[in-house]
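Below are my notes on this model, as numbered points. Please read them with the structure open.

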Amino acid sequence: MKIGNREFHTEGHTYVMGILNLTPDSFSDGGKWNDRDRALRHVEEMAAAGADIIDIGGESTRPGYTFLPEEEEIARVVPVVQAVKAAFDIPVSLDTYKPKVALAGISAGVDLVNDIWGLKYDPQMAGIIGESGLPCCLMHNRNNTEYHSFIDDVKNDLKETLRLAGKAGIAAEKIILDPGIGFAKSREQNLQVIRCLEELKELGCPLLLGCSRKSVIGLTLDLPVDQRLEGTLVTTVMAVMKGCMFVRVHDVKENVRAVRMTEAVLYS
């Protein structure tokens, strides 16, 4: 899969996506990187630590987050996208589910669109991504937690996302699926999704796992958000063992090392 100017293997290696939150209220690092200079320094740090791609987001999607108007989100992300593209030779992903923001990001040069609603928030989103020709990451999400057969329901939800993508002309080989850890799921369901990643791979798309510092770790280990690194690293090891294409993380250096060590054990 080509993302930006780089070829990514969909099997056999797990890549690290570094998170850049341009938000004052993200659950983990709100306000730390939400000006241009600090954002660029953090990208430099993540790239030096081994990040393969940078995921830029302008709106927090933590539980109880405040909805951000599209114009304000565009004003947050576009200057940073442009600055990162100008300063670094690293692919850039845009974390948004809003059509106008996606369009602005595509015009600014993003290399991948990361939609936490799996094309279901706004019907225009699928067409925008399809017309752009860019690869995308489409996440499992829903407005309710009324599951009947949990993993089967998650798979069926993702199949609907893939149907929407196909209808809009998004090529199957340009889609990464994200099982949506922390979205419309209980702690136990989040753990079950991680256990059952192989079943989601049956849908035919590479997977991204995003567990970094999330509540499933905090609830399991009874730890605050700033003490969840070890738990995150366990989920990264699981992602490698189960063949995920990407892990999306805050702590790039440590997760890159965990990926490399796990791959050495598995494949050397």
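**Cavities and sheet**

1. The largest cavity has a volume of about 40 Å³. A cavity here is a set of points on a 1 Å grid over the protein atoms alone where a 1.4 Å probe fits but cannot get out; points are joined across faces, edges and corners, and the volume is the space filled by probe spheres set on them. This is a predicted model, in which local features need pLDDT of at least 70, side-chain atom pairs count only at pLDDT 80 or more, and totals for chains, interfaces and linings use all residues. Residues are numbered from 1 along each chain as its sequence is written, and side-chain values use heavy atoms, without hydrogens and water.

2. Lining the largest cavity (an atom within 4 Å of a point) are Glu59, Thr61, Glu73, Asp95, Thr96, Tyr97 and Ile116. By class, three are charged, two polar and two nonpolar; Asp, Glu, Lys and Arg count as charged, Ala, Val, Leu, Ile, Met, Phe, Trp, Tyr, Cys and Pro as nonpolar, and the others, Gly among them, as polar.

3. The second largest cavity holds about 30 Å³ of space. Among its lining residues are Thr232, Thr235, Val247 and Arg248. Helix H9 (229-241) and strand E10 each give two or more residues to this lining. Helices (H or I, at least four residues) and strands (E, at least two) are DSSP runs, numbered from the N terminus.

4. Eight strands form an open sheet in the order E8-E7-E6-E5-E4-E3-E10-E9, with parallel pairing (at least two DSSP bridges between two strands). Its edge strands are E8 (175-178) and E9 (208-209).

Definitions and conventions: 1 Å grid on protein atoms, 1.4 Å probe; cavity = no way out; pocket = protein on both sides within 12 Å on 5 of 7 lines; lining within 4 Å.
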